[in-house]
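This report describes a protein model, from its overall make-up to single residues. The sequence and the structure come first.

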Amino acid sequence: MRNLPGTAFSVKIYQRHIIGIILYMNHAGIYCPVLVGGPIGGSSAKPYRGVMLVLKSTVDDEFLTEQGIISGSKLLKVNGEDICDILDWEYYASSDELILLFESIDGEMIELEIEPDDLIELELEFEQERVKVCRNQCVFCFIYQLPKGLRRALYVKDEDYRLSFRYGNYITLTNLTEADFERIERQRLSPLYISVHTTNEPLRSEMLGRDDIPELAPQISRLVDAGIELHTQIVLCPGINDGDELERTIIDLKQYHPGVGSVAVVPVGLTTHRDRLPKLDPVTPEIAARVLDRIDSISNANLRDIGTRFVYPADEFFILADRPIPEAEYYGDFPQVENGVGMVRQLLDSEPAEDIEFDPAVRITVCTGTLIENILSSVLAEKWRDVRGLSWEIIPVRNILLGESVTVSALLSGGDIEAALKQSNQKSDIVIVPPDSLNDDGLFLDDMTLADLESEFGMRFVEAEYSPAATLVKLKMEYGL
Ligand code: SF4
């Protein structure tokens, strides 16, 4: 559900080397981290055109102004290569030799060669970058299950391999063109994250809601043969792709190991806004237990055969089935932690807070989704045990916006937290909201902000870090408690 519109950054070029790229927030509030390194070279074939870097300012550079390179000039090529988006820039501008081709606002072409002794500061800004979207109509698509009236960016069905490479967004391999494949191979856009769901093609068509999709296997083969590392996921829909279908999909994917590095199995998420959508069953505790048993027998066999479990159930399965969270060794190098696979283990294993003292008069309330309430409660009791003067309480927050079946913390809205606080009548000085419940613009799903909550309750609101100890350090550093 991420979007990647206009991205602005400034570039300093010094002695032929880029010494700094500073990315600013884009319009959707999504932070674009700087990619480090990257191989040089490649052909000039390009998948698409139309997105350009536009010079925003030259930081009062007289030389550039004389050349006609002023605000509004467009950067067309770097070292002869078209620059179509930020990935192209990062790929081609990592060269020691930099020849930049600009188009002035009068349409004149100006070439700028960066000499070793030059010190030039340019601020470049991407024009609106078109995100590739999907034409699928997946039976479980979360976007179709959102209530109406949320901000537009939340309804974008992105299916863009660039976002997969950059942010780990999952793609279904239903819209890659030959040029896209060539670019992925040439620029080695690896790893990529693939939503598989099933390797049974008729069933895949049914789940993706389309009968004109390209087959999965040849595409996976091609990417793996090109050395692109893939991590995959299966959204488990009870009665559709579980049981034997699940097992077959995992076994099929295992053929591509190590090119396919892992398979995450995540439970389907169902909101109360499924009007006119196919009927789907939720993952119940019994189903979760059955899925865990099935995955366990496959992953134990994988461990013997290929030295890795290869398939990992999401944390939610263990919590639903009321089973212990596996030890860290179970997850290997945690290849899918951001997909909720092993995240709870990392929380359990996080360092306790030490050498911190709080003002005993300060009361802290921790808000959390209902799924993890019990686990978080015992984790905080342990990790915060030795903090002197700390007084805290936890409150579970029901998801009213999406429905109570949505129990994860990151999907709580400001309104949900507001309602839970009113109901609890809790009087605190600090309220901690879950990590990742805010986007980079500081907005909850319903566009509320921490400031909105602060002005309503007269308490200070802070977004938690993933580690309990780091959250306390943040409170000390940023709020001096
Ligand atoms: S691929 Fe499926 S789940 Fe993802 S955005 Fe498209 S329709 Fe929704």
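The sections below cover the model as a whole, its strands, a pair of helices and some backbone features.

## Basis and overall make-up

This is a predicted model, in which local features need pLDDT of at least 70 and side-chain atom pairs count only at pLDDT 80 or more, while totals for chains, interfaces and linings use all residues. Residues are numbered from 1 along each chain as its sequence is written.

The secondary structure of the protein comes to 14 helices and 17 strands. Both are DSSP runs numbered from the N terminus, with helices (H or I) of at least four residues and strands (E) of at least two. Of the 481 residues, 34% count as buried. A residue is buried if 20 or more other C-beta atoms lie within 10 Å of its own, exposed if 12 or fewer, and partly exposed in between, with C-beta atoms placed from the backbone. Among contacts between residues at least 6 apart in sequence, 71% join residues at least 24 apart. Two residues are in contact if their C-beta atoms, placed from the backbone, lie within 7 Å.

Strand 10 runs parallel to strand 11 and is joined to it by four bridges. Strands pair if DSSP finds at least two bridges between them. Strand 11 also pairs with strand 12 in the parallel sense, over seven bridges.

Which residues face each other across these pairings? Ser195 has Gln233 of strand 11 as its bridge partner. Gln233 in turn stands opposite Ala264 in strand 12.

An open sheet of four strands is ordered 15-14-16-17, with parallel pairing. Its edge strands, which each pair on one side only, are strand 15 (391-397) and strand 17 (460-463). From one strand to the next the twist averages 25 degrees.

Strand 14 (residues 363-369) and strand 15 run parallel and are joined by seven bridges. Within this part of the model, Val366 stands opposite Ile394 in strand 15. Helix 12 (residues 414-424) lies across strand 14, strand 15 and strand 16 (430-433), and runs at about 120 degrees to strand 15.

## Helix 7 against helix 8

Two packed helices are described by the angle between their axes and the distance between the axes. For helix 7 (residues 243-254) and helix 8 (residues 285-306), the axes come within 10 Å and cross at roughly 20 degrees. Axes are lines fitted to C-alpha atoms, for helices over the stretch in contact, and angles run from 0 to 180 degrees between N-to-C directions. Helix 7 and helix 8 are therefore roughly parallel to each other; angles under 35 degrees count as roughly parallel, over 145 as roughly antiparallel, 65 to 115 as roughly perpendicular and the rest as oblique.

Helix 7 contributes Leu246, Glu247, Ile250 and Lys254 to the contact, and helix 8 contributes Arg294, Ile298 and Asn302. These residues divide into three nonpolar, one polar and three charged. Here Ala, Val, Leu, Ile, Met, Phe, Trp, Tyr, Cys and Pro count as nonpolar, Asp, Glu, Lys and Arg as charged, and the others, Gly among them, as polar.

## Cis peptide bonds and positive phi

Most residues other than glycine have a negative phi, and most peptide bonds are trans. The bond joining Ser190 and Pro191 is cis, with omega about 5 degrees. Pro191 lies in the loop between helix 4 (178-186) and strand 10 (192-195). The peptide bond from His257 to Pro258 is also cis, with omega near 5 degrees, and Pro258 is found in the loop between helix 7 and strand 12 (260-267).

Arg188, in the loop between helix 4 and strand 10, has a positive phi near 50 degrees. Arg188 counts as partly exposed because 16 C-beta neighbours lie inside 10 Å. Asp436 is not a glycine either, yet has a positive phi of about 70 degrees. Asp436 lies in the loop between strand 16 and helix 13 (450-457) and is partly exposed, with 15 other C-beta atoms within 10 Å.

## Asp85

Is Asp85 buried or exposed? With 21 C-beta neighbours inside 10 Å, Asp85 counts as buried. Its place is in the loop between strand 5 (81-82) and helix 2 (86-92). Asp85 and Arg162 are 77 residues apart in sequence and, C-alpha to C-alpha, 9.5 Å apart in space.
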